[in-house]
Amino acid sequence: MTTTDPHHLTGAYALHALPEEERDAFERHLSACDPCARETAELSATAARLGLATVVTPPPAMRERVLRRVTTVRQQSPGGPDPLGPARARPRGRRLSQWALAACLAAAAALGGAVWQYERAEDALRDARRAERAADEIAAVLASPDARTRTAALGDGSTGTVVVSRSRDRAVFVVSGMPRPPGGKVYQLWFEDGGTMRSAGLMDPGRTDQTVLLRGAVDGAARMGVTLEPPGGSAQPTSAPLALLAFPA
Amino acid sequence: MREAVHIGRNPSSEPDLQELVGRVALGDEEAFAAVYDVVAGPVLGVARAVLRDQAQSEEVAQEVLVEVWRTAPRFRADRGTAINWILTLAHRRAVDRVRSVEAAAARDHKAALLDRTPEFDEVTEQVEARLEREQVRRCLRTLTEIQRQAVTLAYYRGLTYRQTAEALTLPLGTVKTRLRDGLIRLRDCLGVTA
């Protein structure tokens with residue numbers, strides 16, 4: 001069967017098995033096809049049951065992190081246009097980058113050119129939202145009264161500074177003059193604790209100066225590291241760290 | 001884990017979660033903590049099934065839970081139940097993550113995915129929702145082999161229908177149809193209404 005009849009896509013749609021373009025086209029079709037919309041709703045509810053069958057008990061620290069996060073995340077207003085739409089993302093990002101830059105300069109002298117790194121994601125809207133959340137969090141870490149910094153030469157003439165706020169349990173990494181990673185690779189950040197490396201996200205390979213919010217909570221980690229990894233990053237480091245910075249006490 | 005996790009099976013507990021989400025929409029942090037306690041396990045379960053990496057799964061689960069808080073005011077109860085909304089969001093975000101990682105990596109990990117279709121028991125290893133799981137397992141058995149494999153690969157591994165077709169060496173049209181009729185059979189077996 002090689003039909004392209006959109007009616008047959010309800011299952012694939014409910015399972016998120018459609019690539020983006022086909023998903024968008026199907027959603028347009030849905031708005032004009034009541035029976036399809038009804039079937040899609042039922043099949044999505046069925047897919048959710050597959051999800052309900054997989055319960056993994058989250059670590060207690062995750063609950064604390066999430067409950068703490070939501071105290072600083074503003075909720076959407078009901079109805080109306082999305083206040084965090086992509087149209088507003090740029091000016092806001094620019095304003096915050098300057099703010100972040102100023103704070104970095106105050107926090108760690110002699111660092112310049114810090115540029116806010118937009119995280120790449122396929123969905124521009126999510127991008128904007130996440131960037132805003134991260135920018136807010138970076139600003140909050142840098143401005144927090146217990147922010148502590150440590151600066152180190154990373155070799156190759158680049159300088160890295162880590163800013164940690166114990167009260168927020170988050171860390172920000174500011175780097176200047178970092179050479180671009182060779183051969184399509186990426187720099188990946190890590191939390192290190194007792195020899196265990198935990199991914200803290202990727203850096204933007206296109207920038208030599210950047211300010212990055214380490215992904216996830218510091219959660220007692222003793223140091224942060226930077227490694228060179230294949231595109232997309234790795235679950236565990238595949239190379240020796242280029243740099244390890246102890247978190248300031 | 002509270003009994004309310006069995007929301008899909010036990011409709012009497014459903015109003016609890018709906019009501020809680022309604023309070024979350026008004027900025028009630030206590031209500032959000034209660035929602036967290038009900039849904040965090042399945043949300044992490046979905047992320048873990050698709051992503052398999054514990055750290056990434058926790059990261060995605062946290063993003064989803066914060067998104068639940070953030071977007072609760074826009075939740076429309078007339079369009080479906082709260083648990084469906086949350087688990088649909090969780091699956092979508094987990095799939096987004098696995099695909100963006102794949103795309104960024106330009107890595108063909110098909111080989112790893114394709115060498116065999118995972119069994120339901122493998123993809124849902126650390127499971128606590130026993131009743132729900134038993135019911136889903138029983139209903140998956142009512143599917144044809146191809147329906148079951150296609151639905152399992154698409155949902156629990158986050159494959160697109162194209163990848164599913166390659167994995168099962170089936171024509172694209174067949175996979176689309178099997179995903180649909182497989183889910184319809186599951187829907188009827190589980191007694192799901194939208």
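Which residue stands opposite A:Glu192 in E5(A)? The tour ends at that pair and begins with the conventions. This is a predicted model, in which local features need pLDDT of at least 70, side-chain atom pairs count only at pLDDT 80 or more, and totals for chains, interfaces and linings use all residues. Residues are numbered from 1 along each chain as its sequence is written, while chains are lettered from A and ligands numbered from 1 in the order in which they are written.

**The cores**

Select B:Val35, B:Val43, B:Ala47, B:Ala154 and B:Leu179: these have the most contacts inside the largest nonpolar core, which has 73 residues. Such a core is a set of buried Ala, Val, Leu, Ile, Met, Phe, Trp, Tyr and Cys residues joined through C-beta atoms within 7 Å; a residue is buried if 20 or more other C-beta atoms lie within 10 Å of its own, exposed if 12 or fewer, and partly exposed in between, with C-beta atoms placed from the backbone. Helix H2 (residues 29-51) of chain B gives the most to this core, 14 residues. Helices (H or I, at least four residues) and strands (E, at least two) are DSSP runs, numbered from the N terminus. Another core, of 33 residues, lies apart from it and includes A:Phe173 and A:Val218.

**Where the chains meet**

Next, display both chains: 57 residues of chain A are in contact with 77 residues of chain B, contact being C-beta atoms, placed from the backbone, within 7 Å. On the side of chain A that touches chain B, H3(A) gives the most, with 13 residues.

Now select helix H4 (residues 60-70) of chain A, whose buried residues are A:Arg65, A:Val66 and A:Val70. Seen down the axis of H4(A), these fall within an arc of 125 degrees, so they line one face of the helix; the arc is that of the directions from the helix axis to the C-beta atoms. They pack against H2 and helix H3 (54-71) of chain B. Turn to the other side of H4(A) to find A:Pro60 and A:Arg68 exposed.

**The sheet of chain A**

Finally, display the open sheet of four strands in chain A, ordered E5-E4-E7-E8 with antiparallel pairing; two strands pair if DSSP finds at least two bridges between them. E5 and strand E8 (243-246) are its edge strands, each pairing on one side only. Select strand E4 (residues 186-193) with E5(A): five bridges join them in the antiparallel sense. Here A:Glu192 stands opposite A:Met197 in E5(A).

Terms used
Contact = placed C-beta atoms within 7 Å.
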